[in-house]
Amino acid sequence: MGFDEMDVDTIWMDGEFVDWDEAQIHVLTHGLHYGSGVFEGARCYDTAQGPAIFRWEEHLERLYQSAKPYEMEIDHTVEELTEATIELIRRQELPSCYIRPIAFYGYDSLGVSPRNCPTKTAIAVWPWGAYLGEEAIERGIDVMISSWRKHASSQIPTNAKTTGLYVNSMLAGEEARRNGYAEAIVLNKEGNVAEGPGENIFLVRDGEIYTPGLSESILDGITRDTVITLAEDLGYTVHDNVSISRGELNTADELFFTGSAAEVTPIRKVDNVVVGDGSRGPITEEVQSRFFEVVERETDEYDEWFTYV
Ligand code: PPE
């Protein structure tokens, strides 16, 4: 679905609310040539208490952290970005939406050094349904192991959510879709499991839950952290600082992806090898339904995770 069908007309850019079509930049923008932008993706859920942004503070915290290796100064405070986002959701009367804040080096002189380039900041919000399709949430998806490896953290910091990194995600994701799969799993330089192009990955074996550690070249996902907390609170043992070898994907009882966009999405086949019994596994289902119960505010627990619009 294109943005023109989505009933959104306003973007916040460098302190102003501008018409959607006017939110433009120069073609010699540093971020366009060199991928020097940092961004976030968060969801605002439709709840009985109105729209509620999930883990907004953690997303903003990660945005500022992502800017650090690039010495980028975001000239807006947490309060400004929060006010802008709430105002965008209110003005456009969105019961739920996806939120995309971005900061990037703008236009001045061109050259790899961004020294003279201003930092531009923008926020857009729009309705966004299930990332990998409604059916995927219940039935799971088929994925392939990408032939592309993830960059090591010694090459590009993978814990910073940088626009330039996503050409790797695009290569992996499109390779998978070209081959008839919904999504890819990307291995790190060592050949161990890193993550999806836009998701973290979890594995279930013998009733315990595993997810690659932060030194495996992954993004420190906020949904990853959420799922670890929820699963532990449900009484599961979660090993969140492990290496997962490629072969373990084949012997897993259950696999699932997590992400702000992907939420909790089961994986039913890897390279056409069936995972478990080929449907959403029982632990995946339990964690997933707990996740949706929490984000849709059907419980009052974890209220500190929400920013109400
Ligand atoms: N790894 C990668 C590479 C990634 O892009 C994401 C989010 C995650 C893990 C999960 O992180 P978190 O959202 O904090 O749980 N991917 C975002 C972008 C998706 C897109 O297509 O664009 C997202 O989910 O918003």
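Me: How many residues of domain 1 are in contact with domain 2?
Reply: 21 residues of domain 1 are in contact with 20 residues of domain 2. Keep in mind that this is a predicted model.

Me: Where do the two domains sit in the chain?
Reply: Domain 1 covers 7–126. Domain 2 covers 134–295.

Me: And how far apart are their C-alpha centres?
Reply: The C-alpha centres of domain 1 and domain 2 lie 26 Å apart.

Me: What area is buried between them?
Reply: About 1700 Å² is buried between domain 1 and domain 2. Carbon and sulfur atoms give 60% of that area.

Me: Which residues of domain 1 lose the most area there?
Reply: F39, Y45 and R62 do. Together they account for 34% of what the domain 1 side buries.

Me: OK, charges now. How many salt bridges are there between domain 1 and domain 2?
Reply: The count is two. R55 also forms a salt bridge with D225. In that pair, the closest N and O atoms are 2.8 Å apart.

Me: What about polar contacts across the interface?
Reply: There are 13 residue pairs in polar contact across the interface of domain 1 and domain 2. Both residues of each pair have pLDDT 80 or more.

Me: Which elements of domain 1 give two or more residues to that side?
Reply: Four names to find in the structure: β3 (37–39), β4 (42–47), α2 (56–67) and β6 (97–105).

Me: How do the residues on that side divide: nonpolar, polar, charged?
Reply: On the side of domain 1 that touches domain 2, nine are nonpolar, seven are polar and five are charged.

Me: New topic, the ligand. Which residues come nearest?
Reply: There are 22 residues around the ligand. Y98, Y131, Y166, T223 and S260 come nearest.

Me: What does T223 do at the ligand?
Reply: A polar side-chain atom of T223 lies 2.5 Å from an oxygen atom of the ligand.

Me: Which backbone atoms come in?
Reply: Take I222, where a backbone N or O atom lies 2.7 Å from a ligand oxygen. For A261, a polar backbone atom is 2.8 Å from an oxygen atom of the ligand.

Me: Back to salt bridges. How many in the whole structure?
Reply: A search of the whole structure finds 16. One of them joins R268 and D142, with the closest N and O atoms 2.8 Å apart.

Me: Where do R268 and D142 sit in the chain?
Reply: R268 is in strand β15 (residues 263–270), and D142 is in strand β8 (residues 141–149). They are 126 residues apart, so the pair links distant parts of the chain.

Me: Last one. Where is K189?
Reply: K189 lies in the loop between β9 (183–187) and β10 (193–195).

Me: What does K189 touch?
Reply: Leaving out residues up to four places away in sequence, K189 touches R149, K150, A152 and Q155.

Key. Residues numbered from 1 in each chain as written. Predicted model: local features only at pLDDT ≥ 70, side-chain atom pairs only at ≥ 80, totals over all residues. Heavy atoms only, no water. Domains from an automatic or database assignment. Contact = heavy atoms within 4.5 Å. Buried area = accessible area lost by both parts, 1.4 Å probe. Salt bridge = Lys/Arg side-chain N within 4 Å of Asp/Glu carboxyl O. Polar contact = N/O pair within 3.5 Å; in protein donor to acceptor, adjacent residues only side chain to side chain. Nonpolar A, V, L, I, M, F, W, Y, C, P; charged D, E, K, R; others polar. Near = heavy atom within 4 Å.
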